[in-house]
Amino acid sequence: MKIVLRNPRRELELRGPITVGALLQRLELNPESVLVIADDELVTHDVRLDDSVAVEIRPVISGGAGHGSTP
């Protein structure tokens, strides 16, 4: 399967099947810090991925304080 990691961008090829959770563990990524998209669909950590899937892993972006508020 083709895996694209964002920030910094890099591409990997891995053989499946593998669960999203096992994939993140293998790549030493914190599951709470990334979103995993398989074939343009956000997937949970228990989803099993096979070799035909295109996977993208993006960092979670959290908003900062101050949206609409005045100090």
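Visitor: Which residue does Glu11 form a salt bridge with?
Guide: Glu11 pairs with Lys2, and their closest N and O atoms are 3.5 Å apart. A salt bridge here is a side-chain nitrogen of Lys or Arg within 4 Å of a carboxyl oxygen of Asp or Glu. This is a predicted model, where local features need pLDDT of at least 70 and side-chain atom pairs count only at pLDDT 80 or more, while totals for chains, interfaces and linings use all residues. Residues are numbered from 1 along each chain as its sequence is written, and side-chain values use heavy atoms, with hydrogens and water left out.

Visitor: Is Glu11 buried, exposed or partly exposed?
Guide: Glu11 counts as partly exposed because its relative accessibility is 43%. Lys2, at 38%, is also classed as partly exposed. Buried means under 20% relative accessible area, exposed over 50%, and partly exposed in between, using a 1.4 Å probe and protein chains only.

Visitor: How many salt bridges does the structure hold?
Guide: There are 4. One of them joins Arg6 to Glu56, with the closest N and O atoms 2.6 Å apart. That pair links distant parts of the chain, 50 residues apart: Arg6 is in the loop between strand 1 (2–5) and strand 2 (10–13), and Glu56 is in strand 7 (residues 54–59). Strands (E, at least two residues) are DSSP runs, numbered from the N terminus.

Visitor: What about Glu56, buried or exposed?
Guide: Glu56 counts as buried, since its relative accessibility is 14%. Arg58 forms a salt bridge with Glu56 too, at 2.7 Å between the closest N and O atoms. Arg58 itself is partly exposed, at 39%. Elsewhere, salt bridges that share partners join Lys2, Arg9 and Glu11 into one network.

Visitor: Changing topic: how do strand 1 and strand 2 run?
Guide: They run antiparallel, joined by 4 bridges; two strands pair if DSSP finds at least two bridges between them. Ile3 stands opposite Leu12 in strand 2. The hairpin of these strands has 4 residues between them, and Asn7 there takes a positive phi near 60°.

Visitor: And strand 1 with strand 7, parallel or antiparallel?
Guide: Parallel, again with 4 bridges. On that side Lys2 stands opposite Ala54.

Visitor: What is the strand order in the open sheet?
Guide: The order is 2-1-7-4-5, with 5 strands and mixed pairing. Strand 2 and strand 5 (41–42) are at the edges with a single partner strand each, so one side of each has no neighbour in the sheet.
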